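Reader: Please take me through one part of this model in detail. I would like to see where the two chains meet, and then what lies around it.

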There are 2 protein chains.
Amino acid sequence: MKSYKGYIFDMDGVIYRGDEIIYEAVEAINTLVKNGHKVMFVTNNSGKLAVEYAKVVKNMGIIGIGENDILTSGNVASIYLKKQLAQNPDRKNILCVCGNAVKTLMKEIGMNIIDPKDYKNAHYVIVGITTDFNWELGDHAANAIAVYGAEFIGTNPDVAKPAENGEIFAGTGSIIAFIETASQTKATIMGKPYPEIYKSALERMKLDIKETLMVGDLLNTDIKGANELGMDSAFVLTGLHKKDDIQRFDIHPTYVIENLLDLLK
Amino acid sequence: MKSYKGYIFDMDGVIYRGDEIIYEAVEAINTLVKNGHKVMFVTNNSGKLAVEYAKVVKNMGIIGIGENDILTSGNVASIYLKKQLAQNPDRKNILCVCGNAVKTLMKEIGMNIIDPKDYKNAHYVIVGITTDFNWELGDHAANAIAVYGAEFIGTNPDVAKPAENGEIFAGTGSIIAFIETASQTKATIMGKPYPEIYKSALERMKLDIKETLMVGDLLNTDIKGANELGMDSAFVLTGLHKKDDIQRFDIHPTYVIENLLDLLK
């Protein structure tokens with residue numbers, strides 16, 4: 001396989017599966033880092049902070065990875081909104097339909113988190129994963145957007161993720177769908193397969209698209225987004241999607257690999 | 001205008017606007033009833049019972065209209081589910097994501113309303129308007145449908161309705177969108193523009209499509225549904241949609257009328 005200056009790795013299904021570490025991934029990534037390649041981790045999950053993911057990665061035995069080498073969809077939203085805030089410093093009222101991790105990021109960049117009942121004064125509505133979502137919060141958000149002109153940001157489009165016993169955990173995409181339907185307005189989405197998260201990762205690595213490989217286990221997020229940007233992609237079979245899914249989704253990666261050690265071959 | 005044996009009237013925007021009675025509608029409907037035409041009222045709103053709407057209609061001065069001449073989308077769901085129950089009497093566990101009116105209808109037909117935490121045992125999930133909707137209830141419903149095979153029924157697709165001060169009230173369609181997204185399963189919808197409510201009205205009147213006129217103020221629900229069934233339709237300009245909306249929606253009624261007195265001309 002071609003050698004790239006930079007590698008962007010999805011996390012769940014690529015370096016771990018739930019609580020289980022994928023040891024080939026640890027070995028492969030450590031080799032890439034030792035050989036001077038740039039490495040970043042990206043995740044659509046907005047429920048944790050990068051600093052928490054950095055600990056997870058370190059505890060797995062992956063070397064040389066800090067908070068700045070990890071981008072959650074919440075980070076990408078905060079990078080996007082920081083730029084918006086620089087242009088319009090007065091527009092800083094944000095209605096948060098999200099958990100504490102994203103709220104922390106919003107405070108860090110100087111956003112003013114408003115009480116949801118004060119929705120008339122929102123300049124932005126941000127939606128991330130939160131099990132505290134309810135009709136009233138969704139209605140406030142829809143009014144902020146459709147009636148009072150707030151900009152609508154979604155961290156990620158994931159409809160659901162696997163939970164225990166084969167059950168599903170309703171995702172950010174479901175909350176976004178409620179508010180998009182009520183407001184009849186589409187959210188701007190930060191996470192994969194949308195371009196912001198890939199662009200933010202390239203900016204952090206100071207590399208361009210042709211120098212970088214996206215590595216992920218999900219065809220309709222990781223690989224689809226890379227394809228749409230013209231970035232090479234490696235579909236790894238350690239996660240949720242199987243080889244047959246390539247035809248089913250009609251999404252075609254540059255490489256199909258069994259595990260991350262194949263990146264070194 | 002051609003005379004029909006039966007007339008189906010939408011309510012909000014046709015016979016009243018909020019608290020305001022449309023007097024031409026009262027006069028026109030009373031004349032139709034006196035002249036021996038059959039009349040029914042249909043509404044996508046599942047938040048009230050037919051008996052409550054019958055009182056509203058009576059208090060407006062419309063004569064000869066009882067509970068059985070009114071169909072809410074909740075009634076249509078109960079007619080549909082009563083037939084299902086007759087075929088499969090053991091499948092009677094229903095997870096209710098809806099208000100008390102629909103719950104009452106479900107009890108009346110012999111459904112067993114389960115605790116949402118008992119979602120694994122649901123045979124049906126029904127969604128109507130409820131401001132008690134929250135993430136946990138949506139997640140339970142999505143698991144009932146996607147993992148445990150419950151049939152997914154939605155009373156109506158309305159995304160939002162007008163509220164005070166130009167604001168919007170997030171509708172049943174928004175709740176359905178959350179659960180459809182999380183479960184990746186489409187609901188079977190009872191209300192306009194879907195066929196069940198028109199068919200139920202015809203069944204009640206013992207008339208067929210060609211003998212009946214649908215009268216409504218909303219092109220994308222009232223008129224669209226009638227068109228799709230091949231039923232004649234009258235678009236009345238006393239409600240939310242204006243004449244220009246015909247081109248915008250590209251939905252073309254049989255007649256455009258200023259108010260219901262035009263039905264008598």
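Author: What follows starts at the interface of the chains and then turns to cysteines, rings and charges.

The model is a predicted one. Begin with the contact between the chains. On one side are 30 residues of chain A; they touch 29 residues of chain B. Between them, chain A and chain B bury about 2300 Å². Carbon and sulfur atoms carry 62% of that area. Three residues stand out on the side of chain A: Trp135(A), Glu167(A) and Ile168(A). They supply 29% of the area that chain A buries against chain B, more than any other three residues.

What holds across this interface in polar terms? The rule finds 14 residue pairs in polar contact between chain A and chain B, counting pairs with both residues at pLDDT 80 or more.

Now the cysteines. Over all chains, the structure holds zero disulfides. Cys98(B) is in no disulfide, and its nearest cysteine sulfur, that of Cys96(B), lies 4.0 Å away. Cys98(B) is buried, at 6% relative accessible area. Cys96(A) is buried too, because its relative accessibility is 8% and the cut-off is under 20%.

Last, the rings. Over all chains, a search of the whole structure gives 15 aromatic pairs. In chain B, ring pairs join Tyr4(B), Tyr7(B), Phe9(B), Phe41(B) and Tyr255(B) into a cluster. In chain A, charges also sit over rings. The charged end of Arg91(A) is over the ring of Tyr124(A), 5.4 Å from its centre. Lys161(A) lies over the face of Phe169(A), 5.4 Å from the ring centre.

Key
Residues numbered from 1 in each chain as written. Chains lettered and ligands numbered in written order. Predicted model: local features only at pLDDT ≥ 70, side-chain atom pairs only at ≥ 80, totals over all residues. Heavy atoms only, no water. Disulfide = S-S within 2.5 Å. Buried < 20%, exposed > 50% of the residue type's maximum accessible area, 1.4 Å probe, protein only. Phe/Tyr/Trp six-rings, centres within 6.5 Å; stacked < 30°, edge-to-face > 60°. Lys NZ or Arg CZ within 6 Å of the ring centre and 35° of its normal. Contact = heavy atoms within 4.5 Å. Buried area = accessible area lost by both parts, 1.4 Å probe. Polar contact = N/O pair within 3.5 Å; in protein donor to acceptor, adjacent residues only side chain to side chain.
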